Amino acid sequence: MRKLEIITIKDSKYPKQLKNIKNPPKMIYAEGNIELLNSNIISIIGSRVCSENGIELAQKFAKDLVYQDITIASGMAVGIDTVAHKATLQEKGKTIAVLGNGLKNIFPKENIDLFHKIINQGGLVISEYPPKEKANSNHFLERNRIVSGISLGVLVIEAAHRSGTSVTAKLALEQGKKIFAIPHEINDLHGVGTNRLIKKGAKIVTTTEDIINEFPFLTYKTPPKNRLRKLEQNPISERKKCTNKKYNEIYKFIKEKPISLEEIYQRSNKEVSEINQILLILELEGYIEKVVGGYKCILEKK
């Protein structure tokens with residue numbers, strides 16, 4: 001049985017980075033590999049309602065940072081947070097999820113499986129709230145200071161106008177953390193916040209090397225030219241099975257031939273917002289892919 005640990009601010013296991021912020025939590029509830037709290041951590045944050053480009057960028061930077069022996073932290077919310085955690089696990093890296101609720105009352109519910117995967121694959125989940133505490137909006141705002149507080153720096157993938165992501169970046173700046181932002185087209189609503197951060201002094205990044213070089217105690221490791229992503233190495237032959245009943249209500253409509261979002265909406269009894277969320281999760285889990293004409297299932301060998 002897994003053990004839930006309580007780490008007080010006076011404990012030697014308490015993260016050193018977090019002690020230096022304004023109003024650090026007096027105690028942390030933790031489940032998983034607590035040694036990660038004092039590793040080299042970069043937080044990856046971004047919008048809950050993220051774009052296809054945002055998903056790809058979060059995956060790329062998370063996986064590339066794992067190769068640099070960096071621990072990836074985020075808030076386990078839907079969207080970019082979830083992408084960052086899952087990409088890290090896919091690359092056999094270490095990730096820390098910081099929750100705005102207790103560890104025995106996981107939110108969002110669709111990330112319960114992710115919660116267990118993080119812990120079972122050597123990661124860590126932490127919260128300043130008692131185990132049965134429910135999530136609420138105030139908790140999420142308070143949680144954000146921990147996401148940035150445990151990190152060397154924060155990478156902002158996407159941020160809309162007045163988003164929670166922008167709040168986290170503001171907290172990071174107040175904590176003296178390095179802020180990294182990916183520039184966006186000026187008419188891209190997903191990039192309003194990132195472009196504003198750059199105007200305020202955040203470092204523009206286009207590669208992982210841009211991040212690593214900002215820290216004198218880190219050395220950038222050039223990846224070998226033949227380094228391939230795991231997904232690129234999977235030969236195609238059969239359809240994956242989805243056992244989640246809720247997701248399968250949408251997944252059953254997606255075949256080898258592309259199907260559009262409009263057609264999925266017409267066939268299902270769900271709202272477009274819920275369909276989009278399920279499609280995002282199915283895509284992150286490697287069940288489907290977005291192609292010209294809509295979505296199609298991913299086929300691979302056993």
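Me: Where do Lys 170 and Glu 174 lie, and how many residues apart are they?

Reply: Both sit in helix α6 (residues 164-174), four residues apart, about one turn of the helix. A helix is a DSSP run of H or I with at least four residues, a strand is a run of E with at least two, and numbering starts at the N terminus. This is a predicted model, where local features need pLDDT of at least 70, side-chain atom pairs count only at pLDDT 80 or more, and totals for chains, interfaces and linings use all residues. Residues are numbered from 1 along each chain as its sequence is written, and side-chain values use heavy atoms, leaving out hydrogens and water.

Me: What makes Lys 170 and Glu 174 a salt bridge?

Reply: A salt bridge needs a side-chain nitrogen of Lys or Arg within 4 Å of a carboxyl oxygen of Asp or Glu. For Lys 170 and Glu 174 the N to O distance is 2.6 Å, so the pair passes. By this rule the count comes to 12 salt bridges.

Me: Are Glu 249 and Lys 270 buried, partly exposed or exposed, and why?

Reply: Glu 249 has 30% relative accessibility, so it counts as partly exposed. Lys 270, at 11%, counts as buried.

Me: Why is Tyr 295 called buried?

Reply: Tyr 295 belongs to strand β12 (residues 294-297). Its relative accessibility is 9%, so it falls under the buried cut-off.

Me: Which residues does Tyr 295 touch?

Reply: Leaving aside residues up to four places away in sequence, the contacts (heavy atoms within 4.5 Å) include Ile 254, Pro 258, Leu 279 and Ile 288. The C-alpha atoms of Tyr 295 and Pro 258 are separated by 5.0 Å, although the two residues are 37 apart along the chain.

Notes
Buried means under 20% relative accessible area, exposed over 50%, partly exposed in between (1.4 Å probe, protein chains only).
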